[in-house]
Amino acid sequence: MKALPATRSTLACCLFICLSLLSSPALCAEYKPEDEVRFASGLVELGMADYAQKVLDEVVRKNPDMKTKAAAVQVKILVALRKLDEAQRVVNAIPKSDPNRAEVALGFANVLYAVGEVEKAKAIYDAYFKAQRRQPKDKDALEFYRDAAYAFSQIQGEAGDYKGAVEALGHILDSKPAPAIRRRVLSEQAALCLKAARKAGGQDRKKYLDILYKNVKELRWGGVDLWHGQAITHQAYALLIEGKEKEAEETLRDNLDIMNEIDRFLAESNFPRRESPMAVARYLLGTLYEKKGEQLVKSGKTKKKGLEELKAALNHYFNVYLKYPNSDVGPKCGEKVNQLKKEIEELIGKEIDIPKVDMSEVAASHFKQADGFFREKDYERAAKKYLELLNQFPETKPSVQALGSLMLSYANLDSPLYVKAVAGYTAERFAGVEEAASALLRVAKHYYDAKQEDMYRQISEYYVEHFPKHEHAGMILFTLGEQLWKAKDYAAAEQYYVRIKDNYKQDKYFPKALNRVGWGYYLREDYTNALTWFSALLEATTPSLEKARGKLYAAHCHRQLSQYEEALKEYGALEQWLTEKDTPYLPSAADKEEGENLLSVAMFFAGHCYSMMNEPKDAVPGYRQKAIEAYRKMVERFPKSELAPRALSRLGAVYMELDKSDEAVQVFRQLEKDYPDSAAGKDALFTMVEALVETKKFDKASAKCEEMFNDPDRYKPEQFARIGQLMLDNGQFDLAAKAFEQVKKTADERKHIERALYGLGKAYTQLGKPEQSIKNLEDLLLRYEKSGLYFEAKLLLGEAYMKENKLKEALDALRDVFLRGTESDLMMRATIALSELYDKQNNKTEALAAHTRITYLADAGDPRMRAKVAESNMRVIRLAMEMGLWDEAIKAADQYLKTFPGGEKVNEVRQLKAEIRMKMMQSGSATPDQGGATE
């Protein structure tokens, strides 16, 4: 009897196809299109459905008469591509009179079953048998009929329809098959009757047991073979279902000799031992002895006899596990051995000489079916099977590996909640186990490749929390940090980098983590903290490219803190590191290219530092001369560097500062000549102004701007727009306003007008001219309703209205930001503006709400926000006290002490906290020991 067809993604299948190729028309003199069809079928089984379709199309094109025979493979291809409706249409298109129709239809049912469409498969089989009013007489047709009945019974049995499965096997028995086939079918039908009887009750149960006993009788009278042995175990199971335990035990015990004979015959015939009925027989005897033993022990009177029964049960279980570990009852017996051994040892107070059973090998063999589903990407069936087996084998080595595949099955089924549940269990239950760590990493990689960052982060968190010593922990922490770094959430990223710093000092990602934290502070303009981290990087690393980077970044921090002498020392040391012969800082050829880039940056900023140093006054000319030398040296050494044109523009600015106009003109001519395609080379005047502004020479920059304002026709609106933005960014609001006014007069492109109106709004607000600010901002919003600057303009407009003391208009503008805005940074800035407005209105309730949002939601770690958060925190304390909201006041005081432990108002907050507690006691709203968190 043929088994139900299944997909074969195996080496055996590959060999089968290769053998098929040897007889294909490509290699044989005689052309056989059937071989090509068979070849296409094999390709589908290998997962190459697209290629199989090409082969099949070619066969049918050359042999139109093969269309019906090829239909079965066409159906397999369509099902493999999950085109079930198309496959059904192919089946329906075959005429009912075509003798091949049934084969194609049932083939379709088989593949439907294989992909989990059980009900559809059953419906096709059911229709086939209803159409068969009588059994076929043709030999081949009869064999097909029997195979169909057998496959149908398997489908129904797996789906839990035991009644239908029993009836399907009845079709085979009614067809009078050969004796060997009949005996196998009788035994399998009896096994199905057992399942049906357990599920049914009353007369239905009796009906199934009657069929079973009838089959058992025939099998036992038909000779001593495998089916005879199975009949004995079927009979024992049936007696147990009826509650006849004594008769079941006698049946098994009285037939052990026959079972031994069958078992020996199977072993001598090299038949798989897992099929031996002796395994089931001894398992059933074990359950009977175990039950009796526990009853006797519980009674307390016959404990000794109970122990004997339990030991007999243990003996049966252990023998089954040793001899038949891969049988259906082998795993159960393994579990029973461990469980019963412990129970007996507790009863007798000492260990017994039976080793604890390792279920790994058995578990591995059972997980193969689930692994097969997984490899075939049938994730629904794989997940179902893994769950079933994991309940049976919860703690073996293969079980841990299976948990990884179960998670990946759920991931492919888009069931993140199930993935997280299994991941949490795996991490906690198998913390520190290598296989569990690998399982989580497999799942994390799936989500990383799929760019599902939230799930990647959650799975990775399970990994790093429960497997902190695993070899990839540092890498995973760094990757988690990098995801947040790319999103510019530097404070959140820092948490992961700090964990590397604290716990993985020997990891290759340790210096990278120090570097990232330093840069996070640098980008938030907290240069003091950044310098601390870059200094730690320099101390922790040996000469390397990473250390050279740290040196450059430390120099940058000193420069940003206006510590120019310290910066120059760092830039100079770095230049020495990178230029010495056979430098260890650049060990490879690939490193040398980046090393040259670092060197060019260091030389450029050395010139910058000399151009910025202004103390003592009498040393300034000397500093500027060194700046000139540094810039020239940099340009000569790195003429193709992106910094070279900037170095020339800075050089020109230094000459301008020293009133060396001729030299400055020569430098800017060189800039235009040597770097005509650079931004600096294209617009030398702007470059000169930019260089003067960057070196804080605002008086010189202003003089050059006046040259532009006095001769506006020589310059384009975008040039004035760039000047305006440059001045705005550097706090030169008067010059910014002049430049933007010029843009407004001459520009005809929206992008320049839009930027000018917004720039004027900002400049005039800062210059204390809110009326003019309002005029320009309202003009912007009227002209460009969908402006990308809409929310920024509204926020600025609210601030301008507040300065005009037009509080209602200011409130309307800010509310518009809240109603339509989404960006968190924008919303927080609007909240800050709103808090100031409510303070002006003396609206304590709304002011308290706004300041509370700032206190608890704003990022106090951001240097640009820290002072405002501290101010709002104090306002919350005072407003809550004024309003008698003592709990809120205490909470806010604790928040200040937690967020600003070294803040300038710590002592004042502590005094206020004591005052609040006193007020609470006086009002009866608190007992003396209340008052918030401990400081």
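The model described here is predicted. In it, helix H10 (residues 179–199) packs with helix H12 (residues 226–241) at an angle of about 15°, and their axes are 10 Å apart. H10 and H12 are therefore roughly parallel to each other, and their crossing is left-handed.

On the H10 side, the contact is made by Ala-180, Arg-183, Arg-184, Ser-187, Ala-190, Ala-191, Leu-194, Ala-197 and Arg-198. These meet Trp-227, His-228, Gln-230, His-234, Tyr-237, Ala-238 and Ile-241 in H12. Sorted by class, the contact of H10 with H12 has nine nonpolar, four polar and three charged residues.

A second pair is formed by helix H24 (residues 473–486) and helix H26 (residues 510–523), whose axes come within 11 Å and cross at roughly 20°. H24 and H26 are therefore also roughly parallel to each other, and H24 passes H26 in a left-handed crossing. From H24, Phe-478, Glu-482 and Trp-485 take part in the contact. Their partners in H26 are Lys-512, Ala-513, Arg-516, Trp-519, Gly-520 and Leu-523. The contact of H24 with H26 divides into five nonpolar, one polar and three charged residues.

The two pairs are set out below.

| Helix pair | Angle | Axis distance |
|---|---|---|
| H10 and H12 | about 15° | 10 Å |
| H24 and H26 | roughly 20° | within 11 Å |

Turning to the chain as a whole, there are 47 helices and zero strands. The C-alpha atoms fill a box of roughly 120 × 90 × 65 Å along the principal axes. The radius of gyration of the chain is 42 Å, whereas a compact globule of 935 residues would have a value near 30 Å. Buried residues make up 50% of the 935 residues in the chain. Of the contacts with a separation of 6 or more, 55% are between residues 24 or more positions apart.

Is Ser-399 buried or exposed? Ser-399 lies in helix H20 (residues 397–412). Its relative accessibility is 0%, so Ser-399 counts as buried. Leaving aside residues up to four places away in sequence, Ser-399 touches Phe-367, Leu-390, Phe-393 and Pro-394.

Key:
Residues numbered from 1 in each chain as written. Predicted model: local features only at pLDDT ≥ 70, side-chain atom pairs only at ≥ 80, totals over all residues. Heavy atoms only, no water. Axes fitted to C-alpha atoms, helices over the stretch in contact; angles between N-to-C directions. Helix = DSSP H or I, 4+ residues; strand = E, 2+ residues; numbered from the N terminus. Parallel < 35°, antiparallel > 145°, perpendicular 65-115°, else oblique. Left-handed = near helix turned anticlockwise from the far one by under 90°. Contact = heavy atoms within 4.5 Å. Nonpolar A, V, L, I, M, F, W, Y, C, P; charged D, E, K, R; others polar. Rg over C-alpha atoms; globule rule 2.2 N^0.38 Å. Buried < 20%, exposed > 50% of the residue type's maximum accessible area, 1.4 Å probe, protein only.
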